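Hi,

Here is the structure I promised to pass along.

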Amino acid sequence: MEALDKFRQEIKAWLEENCPPSMRTPMPEEETVWGGRNARFTNPDAKLWLDRMAARGWTAPTWPKEYGGGGLTRDENLVLQQELRRIKARPPLSSFGLWMLGPALLEFANEEQKKEHLPKIVRGEIRWCQGYSEPGAGSDLAGLQTKCEDKGDHYLVNGQKIWTSYADKADWIFCLVRTDPTTKHDGISFLLFDMMSPGVEARPITMISGASPFCETFFTDVKVPKKNLVGELNKGWTIAKRLLQHEREMISGMGLGGVGAGGGIGSLEQVAKDYFGETGGRIAGPSLRDHITRQKMDSKAFALTMQRSAEEAKAGQGPGAASSIFKYYGTELNKRRYELLLELMGTRALGWEGDGFDDGEINVTRSWLRSKGNSIEGGTSEVQLNVVSKRVLGLPD
Amino acid sequence: MALVLTEEQQLLRDTATQFFQERLPIANLRKLRDTKDASGFDRGAWKEMSDLGFAGIMISEKYGGTDFGPVGLGLVLEQAGRTLAASPLISTVLLCGSAVQLAGNATQRQDILSAIAAGDRIMALAIEEGPHHNPARIATKATPDGNSYRISGSKTFVLDGHVADQLIVVARTAGEESDRSGITLFLVDPKSEGVKITRTLMVDSRNAANIEFSNVAVPSSAVLGSVDGGNDVLEQVLDIARIGLSAEMLGLVQQTFDTTLAYLKERKQFGKVIGSFQALQHRMAALFAEIELCRSVVLDALSAIEDRRNDVPQIASIAKARLSEISTLMTNEGLQMHGGMGMTDQFDVGLYMKRARVAAASFGDANFHRERYATLEGY
């Protein structure tokens, strides 16, 4: 305990000195730092903040030091995160490398691969994208067909991926490929390659929100060095599933108003008072008030459940069955929240662009549309319910 | 926050589980119902519960209690909920024990708390006056009369009212019907002249009564807490009861879920177990999620009382609203998934549905608590 207190003091002092004041303000979405070869820093402090945090390995606090991480224990990391929250520090780096690929590499990659890729993820030098879904393999991900042939001194990749987030901006891809067409799950391999390789093409897809964060990605005779295979040939499905767990954890936080929560619009009850009106200090519409209360109560219950699950894990009682519902419940909760915001704001949340609406209002409209994808990406709600039915409840096929 | 149980608490839960499964299984409730038992609960079992320390679980050792605290009581209530055990835990321990603990003077505490802990006294709180929980609206009047008071009015839905050895009556000593102040709690002997108690047979086969007070004389020493200042105590007592009842409902919900899940794995139609149908699987998985949230809320609410947090009213309303809704949903779904058998008295799921409805209506249903939460949060 004493050691932790000392650690906290050190961190406090370090953050005080090293976190630039502008990095302690709410972050507009366009200032999110994704890193990569073509990283753009609209605010020069963001680069400074990233470099300083990365130098200490604190963009990946719990990864081992030998791979550029912070080498912190679980408790030390908790302290670090608390202190970062306390000063309202912006995340220095947002990255699929940090959230998804890194943990999988730590578990499954060989030494050479870890040394090659992990430090660059920590420093935000390489931006990764995820090559999972295909036009014919969505919920049935293991039905993927992107072909990977052994050509002696290299692999040759041909096929197509879809919903590849930021493929047009990414430097490298972690990609599921078919190395044995005669079986299903046992014919999948986990491959890493450079998006600059000849034969790779990414085309952005315009989504209902008007944004284009996803791409169709085409591979035509892409040559990949053999050392870029992670794990054994045809054993990629195990890695793929583990990585999906990390992805779901990332997405389920959304129900708490985390990532992409239409920030800056204020609490539901304040929005209701501002846009619908109040009588005697109360929201004028009893029905809206009731909807808000349902939403707030369920959000609280969900937050407590995530907290309980974390405490159970810490107490060594395992991840617990509760964690299996996070992706499903968190995303459905987030969708409901946006539906409610639209009802509270009326036509002010129905603008598309231009001067008739302020940025916060447009952001709500666009985020409402974006939120619909939450219960589709990373395993649909229906797939999540299947998983709970079968794995947790033991119901048969 | 303690959302994970300590070893001591796990031990208590195991003791409670074993006790209710062996001593008060659901067959016990059926027997009380079918024999029209005069007490409406098993007096022998209640004595055993006090020997195990359940009756004195919130009472300090000074008065013979075990002082296990609210989380401990919640664990016992959850296990009681699993077998629909009828006992005076709610009326006597949650409501009246808490009221005396919070508001009683030294004499009252010594007398009442030690009797409750020993299992020697059944008590009932007479508060409701209409078909909906409304503690802010009290019409029953207590008028000063020399060195005593005269109580007149009628109370309904008094849990364990017809078997109580002593009543706590909520009456108005000042102000208008809907005023928050001017409420006083009185300890009343049910055998007093002018008290007329009528047992009401409820759908859940548990105890309740209507009580008429006609000019009932009570000495001023029978005032519990301060004159006109009963509302603060009452709100705290009710929140403890709401949270405790939520813990009981958690047990009820979990048991209905477990029973239904087992039935889905056993009942065959179209040549396969019906639990293999996705239409049922998804509903069960969604219910599983809701129940996990129920558990977190109940645990947090119990530790809120234990830690004397200032958000007890809010979390009490969240817990009672959620458990009222989910217990209704779960028992309805459970019945539907049992098909025609669910409609029979022989199957237990109907008993759970009946209890769920009564528990939901006690101390405020989901509508009451959502409205209350919005008021507490200032919107």
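Leaving aside its neighbours within four places in sequence, which residues is Gln160(A) in contact with? Keep in mind while you look that this is a predicted model. The list runs Glu134(A), Pro135(A), Thr146(A), Glu216(A), Thr217(A) and Phe218(A). Gln160(A) itself belongs to strand β3 of chain A, residues 154–165. It counts as partly exposed, because it has 17 C-beta neighbours inside 10 Å, and the buried class needs 20 or more. Gln145(A) sits 15 residues away from Gln160(A) in sequence, with 8.3 Å between the two C-alpha atoms.

Next, the place where the two chains meet. On the chain B side 29 residues are in contact with 33 residues of chain A. Four helices of chain B each supply at least two residues to that side: α7 (230–264), α8 (278–306), α9 (312–337) and α11 (366–376). Of these, α8(B) gives the most, with 13 residues. Sorted by class, the chain B side has 18 nonpolar, 6 polar and 5 charged residues.

Helix α8 of chain A (residues 286–314) packs on α11(B) at an angle of about 90 degrees, and their axes are 9 Å apart. An angle of 65 to 115 degrees counts as roughly perpendicular, so that is how α8(A) and α11(B) lie to each other. From α8(A) come Arg289(A), Asp290(A), Thr293(A), Arg294(A) and Met297(A), and they meet Arg370(B), Tyr373(B) and Ala374(B) of α11(B). That contact divides into 3 nonpolar, 1 polar and 4 charged residues.

Finally, a helix pair inside chain B. The axes of α5(B) (residues 89–103) and α6(B) (residues 106–117) come within 10 Å and cross at roughly 160 degrees, which means the two helices are roughly antiparallel. Their crossing is left-handed. On the α5(B) side the contact is made by Thr92(B), Val93(B), Gly97(B), Val100(B) and Gln101(B), and on the α6(B) side by Gln108(B), Arg109(B), Ile112(B), Leu113(B) and Ile116(B). By class, that is 5 nonpolar, 4 polar and 1 charged residues.

Gly97(B) turns up again in the shape of α5(B): the helix has a kink of about 30 degrees centred on that residue. And since 14 of the 15 residues of α5(B) are buried, the helix is largely enclosed by the rest of the structure.

Cheers

How values were computed: Residues are numbered from 1 along each chain as its sequence is written. Chains are lettered from A and ligands numbered from 1 in the order in which they are written. This is a predicted model: local features need pLDDT of at least 70, side-chain atom pairs count only at pLDDT 80 or more; totals for chains, interfaces and linings use all residues. Axes are lines fitted to C-alpha atoms, for helices over the stretch in contact, and angles run from 0 to 180 degrees between N-to-C directions. Angles under 35 degrees count as roughly parallel, over 145 as roughly antiparallel, 65 to 115 as roughly perpendicular and the rest as oblique. A crossing is left-handed if the near helix is turned anticlockwise from the far one by less than a right angle, and right-handed if clockwise. Two residues are in contact if their C-beta atoms, placed from the backbone, lie within 7 Å. Ala, Val, Leu, Ile, Met, Phe, Trp, Tyr, Cys and Pro count as nonpolar, Asp, Glu, Lys and Arg as charged, and the others, Gly among them, as polar. The bend at a residue is the angle between axes fitted to the seven residues ending there and the seven starting there. A residue is buried if 20 or more other C-beta atoms lie within 10 Å of its own, exposed if 12 or fewer, and partly exposed in between; C-beta atoms are placed from the backbone.
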